[in-house]
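Good morning, and thank you for coming.

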Amino acid sequence: MLKDITIGQYIPGVSPVHKLDPRTKIICLVFYMVGLFLVNNFSGYVFVTFFTLLIIFLSQIPLLTIVKGFKPLILIILLTLILHVFMTEGEVIWQWGFLKITWEGLRQGIFMALRLIYLVTITSLLTLTTTPIALTDGLERVLKAFHMPLAHELAMMMTIALRFIPTLIEETEKIMKAQMARGADFESGGLLSRAKSLIPLLVPLFLSSFRRADELAMAMEARCYRGGEKRTRLKQLQMMSRDYFTFFIIFIFMGITLYSRWFF
Amino acid sequence: MSIILEAVDYIYQLGSVHETNALKGINLVIKEGEFVGLIGHTGSGKSTLVQHINGLIKPTKGKVIVDDQEVSAKRGKLKEIRQKVGLVFQYPEHQLFEETVFEDIAFGPKNLGLAATEIEKRVKKALQMVHLDYEKYRTLSPFTLSGGEKRRVAIAGVLAMDPKYLILDEPTAGLDPRGRDEILAQIAELHQQGMTVILVSHSMDDVARLTKRLLVMHQGEIIYDQETRQVFSYYEKLQEMGLDIPTVTKLMHSLKGQGWSVRQDVLTVEEAKREILQAVKQAVKEEQSHA
């Protein structure tokens, strides 16, 4: 059940998206997000949808893998949709007591839900096609280019966090089973009793996370890890013509989204 | 009364790219009062198998029956079955969470909805079973204990459910030799008191010393289900599966290889000692008769 979370996973491959420089991918991701939030009408969304599908197709990641990644976010997406549908003022199309649906709300709700879905899609696509090492490397270089202090440390923290998501999930399942073997019940009962039933799960989980962090820090120190200063790389990142081409494409994407916002 | 598995298949992540057939056609009957060992390489399906017995995992195909109750049924009485089948996971001390030893061991009985006096009785008995002093330990925080003590408290947490069948998944992993011997001795004692025990282990020495019957798993199948002594006579086959035989048994094999006339189905140090002494005596006798 918890294994369905795809955020932070990497699926090896040789697709054009896999081959891109991680810096390109990170920067283009930011541009994509800006473009996504610029779009505010139907034709704009159609364009973004096609663009997103194209990237997925190019990455050769099965659509199903990405769709499965939405599962843990369904609640948030639904909440966004429902809040917008019922809370926006405008032309009423359906009413029941104090509940009313408006055209504007429906539109806004669907747009916001789509935004969230595309955001998750494209972010998980980044981690699905980039090894954690390449990802940190890229992130560090991007942050350094903006003169961010502690760029290396930040990037390192992020990779470690990503790296440990699957481990934590596994650990959670294990502890859950162990407590279920002692008669614990995580599924039934009211909200309060359910929250309370999480204590036997959360306490051991926190403890094991601290233990793991300790061990990892020790292992890193034992191999003389000392942060970012004057660190050299085994594999130097190299921008290729395909990276410049990708930048070109993303600028066109930005252009079209801008155009769709003000001229349609 | 017994544990019965009928043609059990289990497939992990059915329908995805990661689909793996973890169990294939498992047929197994474990009777009350038995002491069964379960060995196999990492990933052979041992843990998956034992989790079927108390309903933590439901089979993709087949039936699991504990004391005439079908665990695998859609609406199985899981609470009752989990009380009956105590499962001690690997590194069980990682599941400790309460502020005191007493509270932690009481977690299981509380979930069963027992009365306070009964819970206290259960905790007392469970601590006694793992040879920890009730008065001394009950108010301590489980996190201040030593590794071996923590593990014993965690095992007591399962014993407090008063299970009829006890399954232990590598109960000695990561313990020092003394801690290991103590835990094993306590498990043997529990069996003598009438508990049915299934011991999952990587240590051939432990299995050889304790169990009468031994299951060998390989790639999701039970390859051998025989008397322990018999199973360890398949030295080469076991090695092919990446498994080993007990150290003393190996010693006897190599002695035999050097021309000593010793039995090879020896499982314990005591037996080995007797066998070697006899062989030496015989050799001396032969030499004297030559001279």
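Two strands are said to pair if DSSP finds at least two bridges between them. Strands themselves (E, at least two residues) and helices (H or I, at least four residues) are DSSP runs, numbered from the N terminus.

Two remarks on conventions follow. This is a predicted model, in which local features need pLDDT of at least 70, side-chain atom pairs count only at pLDDT 80 or more, and totals for chains, interfaces and linings use all residues. Residues are numbered from 1 along each chain as its sequence is written, while chains are lettered from A and ligands numbered from 1 in the order in which they are written.

Let us start with chain B, which has 12 helices and 10 strands. Strand 1 (residues 2-12) of chain B runs antiparallel to strand 2 (residues 20-31) of chain B, and 8 bridges join the two.

I turn to chain A, with 11 helices and 2 strands. Here 23% of the 264 residues count as buried, and the C-alpha atoms fill a box of roughly 65 × 60 × 35 Å along the principal axes.

Consider helix 7 (residues 132-145) of chain A. Its 14 residues should span 20 Å at 1.5 Å a residue, and the end C-alpha atoms are 20 Å apart, which agrees; the expected span is 1.5 Å times one less than the number of residues. Among its buried residues are A:L135, A:G138 and A:L139. The cover over the buried residues includes helix 2 (22-38), helix 6 (103-129) and helix 8 (151-181) of chain A. After helix 7 comes A:H147, with a positive phi near 55°.

Finally, where do the chains meet? The contact (C-beta atoms, placed from the backbone, within 7 Å) takes 21 residues from chain B and 16 residues from chain A. On the chain B side, helix 2 (78-84), helix 3 (101-111) and helix 6 (147-159) each supply at least two residues.

Note on methods:
Buried ≥ 20, exposed ≤ 12 C-beta atoms within 10 Å, placed from the backbone. Contact = placed C-beta atoms within 7 Å.
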